[in-house]
Amino acid sequence: MSTHQHPATICIHAGNITENTSLSGVNTPIYTSSAYQYGKDKPNIYPRYFNTPNQKVIVEKLAQLEKTETGLVFSSGMAAVSTTLLGLLQAGDHIILQNGLYGGTYHFAESEFKRLGIEHTFLTDNQISTFQKAIQPNTKVVYIETPSNPLLQLTDLKRVAQLCQESGLISVIDNTFASPINQTPTDFGIDVIVHSGTKYLGGHSDICFGAVLSTNTYIEKIYQRAINLGGSLDAQTCYLIERSLKTLALRVERQSENALKIAHFLSDLSYIKTVNYPGLPAHPDYEMACRQMHGFGAMLSFELAKNDSEKSQEFAESLSLIVPALSLGGIETTICVPARTSHIKMTPEQRQKVGVSDGLLRLSVGIEDVNDLILDLKNTLENFS
Ligand SMILES: Cc1ncc(COP(=O)(O)O)c(C=O)c1O
């Protein structure tokens with residue numbers, strides 16, 4: 001799908017269905033039916049066939065944003081991740097997964113692949129030579145997540161895509177943290193993009209959904225599993241997503257601006273041990289971020305000087321404006337201790353192996369006035385220095 005429009009325009013205009021009545025409202029109507037007439041010249045439409053009008057509107061917006069031919073939207077990010085991987089892999093195949101992934105994806109791979117006869121390798125680092133060494137004769141898919149949750153490490157999109165093309169492998173990225181506003185993986189040759197739409201795409205902490213965007217060929221493969229697994233979305237939620245997507249560019253740009261200021265503020269404090277944010281020149285992947293991201297994103301993580309789980313949880317709960325909460329990407333700034341939330345399903349040893357310390361704090365920056373956010377952090381940090 002080629003478009004010359006810019007993301008902020010796509011967010012608002014792409015795919016909308018103009019009301020087919022004399023009223024001609026500017027918003028897509030909510031088509032509440034789960035039963036549609038079928039027959040000559042009428043395709044079989046059904047929510048679990050992923051082809052209702054409201055589903056198609058958001059697919060169109062997301063496909064244009066990610067510069068793909070088409071896509072599917074699901075009832076959660078994990079439905080998108082799991083259906084995508086089960087659609088692209090079968091018994092006897094092998095998948096390579098990068099080091100450092102969202103805990104739920106890690107847990108899915110660990111608990112589901114083996115019993116389905118799918119082999120998998122988790123990398124110990126994300127150097128391109130490490131990806132290369134992990135390729136086996138039966139490897140089919142390489143799965144990456146960049147920036148990664150919660151350490152904000154980057155993986156080189158261009159080199160991974162190139163390696164996959166040379167080796168006949170399918171590259172899949174979880175683009176949740178960057179959102180399509182801050183990163184367009186297809187520009188670098190990545191084949192398949194998944195999202196937890198629950199985060200930036202929804203953006204108001206009130207919708208759970210997921211999406212996969214790719215070529216017609218890959219989406220058809222994934223679709224064959226999707227209709228069996230059944231993680232589809234209803235019209236009301238689709239409409240809320242359509243409404244949310246219209247402000248995606250505005251929200252993410254403001255969130256990213258705020259995050260950069262907060263990252264600089266935190267990194268100047270002597271009593272903060274580490275700040276992980278790809279927009280800081282001191283970040284090991286800063287140059288890669290400049291090359292492959294349009295903006296540095298609105299997620300960051302950091303460690304207090306006294307880096308233990310209890311202290312960090314106490315800190316999160318002592319903030320007055322910033323909310324200790326699960327999930328991320330909303331317009332309100334939230335904070336969590338990943339060892340107690342997103343990565344709780346991993347054992348302490350598994351977390352240690354991927355570098356997620358028990359006391360690490362993850363901040364999802366919202367659209368509030370950044371001065372208020374900095375003041376909240378400053379006032380609370382003074383008691384924890
Ligand atoms: C990077 C990433 N991918 C996937 C998911 C799963 O999404 P959901 O919770 O919508 O199923 C999450 C959830 O936190 C996530 O952070």
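A polar contact is taken here as a pair of N or O atoms within 3.5 Å, where, within protein, one atom must be able to donate a hydrogen and the other to accept it, and residues adjacent in sequence count only if both atoms are side-chain atoms. The structure is a predicted model, in which local features need pLDDT of at least 70 and side-chain atom pairs count only at pLDDT 80 or more, while totals for chains, interfaces and linings use all residues. Residues are numbered from 1 along each chain as its sequence is written, and side-chain values use heavy atoms, with hydrogens and water left out.

**Ligand surroundings**

With a residue counted as near a molecule if one of its heavy atoms lies within 4 Å of it, the residues around the ligand are Ser-76, Gly-77, Met-78, Tyr-102, Glu-145, Asn-149, Asp-174, Thr-176, Ser-196, Thr-198, Lys-199 and Phe-209.

| Residue | Polar atom | Distance to a ligand oxygen |
|---|---|---|
| Gly-77 | backbone | 2.9 Å |
| Met-78 | backbone | 2.8 Å |
| Asn-149 | side chain | 3.1 Å |

Asn-149 is also joined to Pro-150 by a cis peptide bond, with omega about 5 degrees, and Pro-150 lies in the loop between β4 and α6. Pro-147 is found in the loop between β4 (139-145) and α6 (157-167), and the peptide bond from Thr-146 to Pro-147 is cis as well, with omega near -5 degrees. Helices (H or I, at least four residues) and strands (E, at least two) are DSSP runs, numbered from the N terminus. Most residues other than glycine have a negative phi, and most peptide bonds are trans. In the loop between α1 and α2 (53-65), Asp-41 has a positive phi, near 65 degrees.

**The two domains and their interface**

The domain assignment, which is automatic or from a database, gives domain 1 (7-245) and domain 2 (248-382), and the centres of the two domains, taken over C-alpha atoms, are separated by 25 Å. Where contact means heavy atoms within 4.5 Å, 43 residues of domain 1 are in contact with 42 residues of domain 2. The buried area, which is the accessible area (1.4 Å probe) that two parts lose on being put together, summed over both, is about 3300 Å² between domain 1 and domain 2, with carbon and sulfur atoms giving 61% of this area. Leu-154, Asn-182 and Tyr-200 supply 22% of the area that domain 1 buries against domain 2, more than any other three residues.

Between the two domains, 21 residue pairs are in polar contact, both residues being at pLDDT 80 or more. On the side of domain 1 that touches domain 2, α1 (7-13), α4 (103-112), α7 (179-182) and α9 (235-245) each supply at least two residues, and α4 gives the most, with 5 residues.

**Salt bridges**

A salt bridge is a side-chain nitrogen of Lys or Arg within 4 Å of a carboxyl oxygen of Asp or Glu, and by this rule the count comes to 12 salt bridges. Across the interface of domain 1 and domain 2 the rule finds 1 salt bridge. Asp-156 forms a salt bridge with Arg-291, with the closest N and O atoms 3.5 Å apart. In another pair, Lys-140 forms a salt bridge with Asp-93, where the closest N and O atoms are 3.1 Å apart. This pair links distant parts of the chain, 47 residues apart, with Lys-140 in strand β4 and Asp-93 in the loop between α3 (77-88) and β2 (94-97).
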